[in-house]
Amino acid sequence: PLLVGGRSSGARVACRTAAALDAAAVVALAFPLHPPGRPERSRAAELASGVPTVVVNGDRDAFGVPSASPGVEVFVRPGEGHDLRRGPATTATVVVDWLRAHGFAG
């Protein structure tokens with residue numbers, strides 16, 4: 001199966017193109033929910049890709065943290081900002097565990 005993903009704006013692109021690419025799932029790292037300081041400009045609708053989606057964001061992300069919704073699981077990394085640099089191994093573990101739980105990894 002094809003999985004698409006990205007970080008920040010790449011996560012937005014992955015969500016917007018998943019259906020057209022017939023992707024099986026989306027991995028969205030540091031999904032920018034809104035421009036910093038502009039929560040009224042939410043991009044939450046872009047997460048509705050129609051395929052299982054995992055989002056990993058930091059709780060200190062100035063771009064906001066999306067909420068879970070049908071088909072979208074959100075994992076919030078404590079102490080992380082938009083760059084997700086404080087614990088890349090932990091972020092990777094979150095993603096791999098999600099992939100395994102959905103049958104995409106052994």
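## Terms and basis

Two strands are said to pair if DSSP finds at least two bridges between them. Helices (H or I, at least four residues) and strands (E, at least two) are DSSP runs, numbered from the N terminus.

The model is predicted: local features need pLDDT of at least 70, side-chain atom pairs count only at pLDDT 80 or more, and totals for chains, interfaces and linings use all residues. Residues are numbered from 1 along each chain as its sequence is written, and side-chain values use heavy atoms, with hydrogens and water left out.

## The sheet

An open sheet is formed by 4 strands with parallel pairing, in the order β1-β2-β3-β4. Because β1 (3-7) and β4 (72-77) stand at the edges with a single partner strand each, one side of each is left without a neighbour in the sheet. From one strand to the next, the twist averages 10°; axes are lines fitted to C-alpha atoms, for helices over the stretch in contact, and angles run from 0 to 180 degrees between N-to-C directions.

Helix α1 (residues 9-17) packs on the sheet and touches β1 and β2, contact meaning heavy atoms within 4.5 Å. The direction of α1 makes about 155° with that of β1.

## Strand β3 and its partners

Strand β2 (residues 25-29) is joined to the parallel strand β3 (residues 53-58) by 4 bridges. Val 27 stands opposite Val 54 in β3, and Leu 29 opposite Val 56. Over 6 bridges, β3 also pairs with β4 in the parallel sense; there, Glu 73 of β4 is the bridge partner of Val 54.

Of the 6 residues of β3, 6 are buried (under 20% relative accessible area; exposed is over 50%, partly exposed in between; 1.4 Å probe, protein chains only). Thr 53, Val 55 and Asn 57 point one way from β3, while Val 54, Val 56 and Gly 58 point the other way.
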